[in-house]
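Subject: Structure for you to look at

Hello,

I am passing on a structure that you have not worked with before. Please open it alongside this note and keep both in view as you read.

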Amino acid sequence: MPKLLTKSNYLLGLQCPKLLWVAKNDKQRIPEPDEITLKKFSEGHIIGELATRVFPKGQNIPDENFKENLENTKKLISKRIPLFEPAFMVDNLYSRADILVPVGEDEWDIVEVKSATKVKDVNIHDVSFQKYTYEKAGLKIRKCFLMHINNQYCLDGQVEPSELFVQTEITEDVEKFSEGIESRIEQMIKIINSNQEPQCKINISCNNPYECPIKSECWEGVPKDSVFDFYRMLKKKCFELYDSGIICLNEVPESVKLNDKQAIQRRLAFDGGKHIDKVQIKNFLNNLKYPIYYLDFETINPVIPKFDGMKPYQRIPFQFSLHIQEEEGGEIKHISFLAEGTSDPRPKFMQALKDNLGEKGSILVYNQSFEKGVMNESATAFPEFREWYDENILPRIKDLWDVFRNFYYYDSEQGGSASIKAVLPVLSDLKYSDLEISKGDLASLEYERVTYGDVGEEERLRVREALERYCELDTLAEVEIVKGLREIEKGEKLNIDHPAQL
Ligand code: SF4
């Protein structure tokens with residue numbers, strides 16, 4: 001049986017010939033999708049089903065059996081009704097449309113459904129492959145559309161699919177992206193039928209449009225402290241250095257123009273140790289007023305709004321952790337909130353914050369745009385919190401991230417990252433890897449699963465306990481980091497090497 005090139009194969013082939021070859025010839029090298037990816041898949045199915053409701057006279061073509069699906073498509077195509085998931089196979093090409101809509105006497109529109117809120121290049125390539133295949137199979141294609149989520153949709157009662165989605169015409173873009181498609185497909189068919197795996201150097205496509213699933217294999221030889229660790233350096237520039245033979249930070253010559261932060265990284269790669277700007281750290285710490293409220297949130301952002309008045313992907317806070325310290329070196333009190341039940345958690349969440357954030361003192365967060373954005377949206381939805389948020393909370397928020405994204409403190413062990421997960425281990429013995437839930441997106445996923453899914457009580461309690469531990473560590477991390485910075489500022493931390501300004 002000849003190997004078929006599907007539309008997802010075509011997209012892999014555009015990303016990298018080696019990835020395409022592995023997907024067709026050595027699939028076991030591609031790791032199973034993780035929980036987050038599986039969740040995206042299942043969300044995609046739900047969105048796909050909702051989209052079909054926009055075409056009430058349409059007919060679904062079940063996909064259990066490959067051959068039956070092709071035969072049923074052949075039978076139904078003459079009925080001139082919208083078809084969901086019809087399949088076509090021609091000259092070793094195989095493609096299924098999300099929706100094909102009949103137009104006039106003998107034409108069809110392609111409607112590709114996506115759960116994103118805008119059109120991406122990868123979607124246009126996807127539809128280009130479909131159009132090429134359907135036309136080769138004898139269909140006349142009139143127009144192409146991407147049916148994606150309308151980010152202005154506001155839930156009011158039942159979800160209304162005709163308002164949740166918008167259709168953006170992409171016919172012209174598809175024409176443009178189709179230039180040269182025939183020879184690309186020919187080339188890809190040669191690749192998948194070859195016994196020889198293509199040799200590909202790592203390149204900008206390894207993360208574009210998606211992180212390559214076999215990246216760990218190809219990037220195995222990239223050493224620690226490589227040029228890819230440069231803070232916020234454009235990937236294009238990283239590859240220019242790498243491809244010219246400059247692999248490690250300590251190989252970057254003075255002639256290469258770097259910004260201040262990247263220059264610090266290069267200097268530390270030669271000298272070792274840390275960069276510490278004591279003046280800026282002191283300014284930051286002096287700006288913190290006791291009692292300090294160390295705060296962190298967790299949110300979900302469902303594509304289909306859950307509660308009236310909400311938009312797609314709008315964030316719903318369901319948990320916070322708060323450590324309170326009345327004075328420097330004083331005792332730390334911990335308070336947490338984790339929403340119970342399936343109703344909108346926002347009013348209780350905001351009330352719990354109001355009850356516990358006091359009247360004065362700094363509210364310390366890590367990346368303030370997130371916490372501010374979530375509280376601001378909640379205060380808009382529940383105006384009884386607006387005045388309290390604007391007048392009492394907003395002026396008290398301080399961002400611990402400033403210290404690290406501005407490189408007032410940088411340790412080469414951070415590997416070019418200023419995230420709290422990179423900073424915590426260099427300033428304390430705490431680490432996230434010991435936790436069952438160790439990432440924010442996994443926390444959101446687990447909360448949704450045990451709150452809205454069909455889960456036994458024991459499992460629900462176990463996950464809630466793990467969620468409590470995870471969120472608590474986020475604010476305990478802030479406490480530890482501030483403690484570490486105070487020791488550095490006072491010169492009490494002994495393992496300081498090469499301080500920049502003392
Ligand atoms: S990691 Fe990069 S080079 Fe390797 S297969 Fe993936 S895209 Fe190709």
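Below is what was found, starting with the whole chain and going on to single places.

This is a predicted model, in which local features need pLDDT of at least 70 and side-chain atom pairs count only at pLDDT 80 or more, while totals for chains, interfaces and linings use all residues. Residues are numbered from 1 along each chain as its sequence is written.

Confidence

The predictor's confidence in each residue is given as pLDDT, from 0 to 100. The protein chain has a mean pLDDT of 93, and 97% of its residues reach 70 or more. Over residues 494-502, however, the pLDDT is below 50, and this stretch has 18 contacts in the model beyond near neighbours in sequence. A contact here means two residues whose C-beta atoms, placed from the backbone, lie within 7 Å. Where pLDDT is low, the predicted coordinates should not be read in detail.

The chain as a whole

The protein chain contains 19 helices and 16 strands. These are DSSP runs numbered from the N terminus, with helices (H or I) of at least four residues and strands (E) of at least two. The C-alpha trace spans about 80 × 60 × 40 Å along its principal axes. Of the 502 residues, 33% count as buried. Buried means that 20 or more other C-beta atoms lie within 10 Å of the residue's own, exposed means 12 or fewer, and partly exposed is in between, with C-beta atoms placed from the backbone. Among contacts with a separation of 6 or more, 68% come from residues 24 or more positions apart.

The domain assignment gives domain 1 (5-193), domain 2 (224-271) and domain 3 (280-489); such bounds come from an automatic or database domain assignment. The centres of domain 1 and domain 2, taken over C-alpha atoms, are 41 Å apart.

Helices

Helix H5 (residues 121-136) reaches 23 Å from its first C-alpha to its last, close to the 22 Å expected for its 16 residues at 1.5 Å a residue. The expected span is 1.5 Å times one less than the number of residues. H5 is mostly covered, with 12 of its 16 residues buried; among them are Ile124, Val127, Phe129 and Tyr132. Just after H5, Gly138 has a positive phi of about 105°.

Helix H18 (residues 440-452) has 13 residues and reaches 18 Å, close to the 18 Å expected. Its buried residues are Ala443, Ser444, Glu446, Tyr447 and Val450. Their cover includes strand E11 (292-300), strand E12 (316-325) and helix H19 (457-489).

Two packed helices are described by the angle between their axes and the distance between the axes. For helix H14 (residues 368-381) and helix H15 (residues 386-393), the axes come within 8 Å and cross at roughly 145°. On the H14 side the contact is made by Met375, Asn376 and Ala379, and on the H15 side by Arg386, Tyr389 and Ile393. These residues divide into 4 nonpolar, 1 polar and 1 charged. Axes are lines fitted to C-alpha atoms, for helices over the stretch in contact, and angles run from 0 to 180 degrees between N-to-C directions. Ala, Val, Leu, Ile, Met, Phe, Trp, Tyr, Cys and Pro count as nonpolar, Asp, Glu, Lys and Arg as charged, and the others, Gly among them, as polar.

Backbone details

Most residues other than glycine have a negative phi, and most peptide bonds are trans. The bond from Asn208 to Pro209 is cis, with omega near 10°, and Pro209 lies in the loop between helix H8 (181-193) and helix H9 (215-218). Tyr290 and Pro291 are also joined by a cis peptide bond, with omega about -5°; Pro291 is in the loop between helix H12 (278-286) and E11.

Asp91, in the loop between strand E4 (87-90) and strand E5 (93-96), has a positive phi near 45°. Asp91 counts as partly exposed because it has 13 C-beta neighbours inside 10 Å. Tyr313 has a positive phi of about 65° and sits in the loop between E11 and E12.

Ile204 lies in the loop between H8 and H9. Ile204 is exposed, because 11 other C-beta atoms are within 10 Å. Leaving aside neighbours within four places in sequence, Ile204 is in contact with Lys235, Lys236 and Phe239. The C-alpha atoms of Ile204 and Lys235 are separated by 6.6 Å, though the two are 31 residues apart along the chain.

Regards
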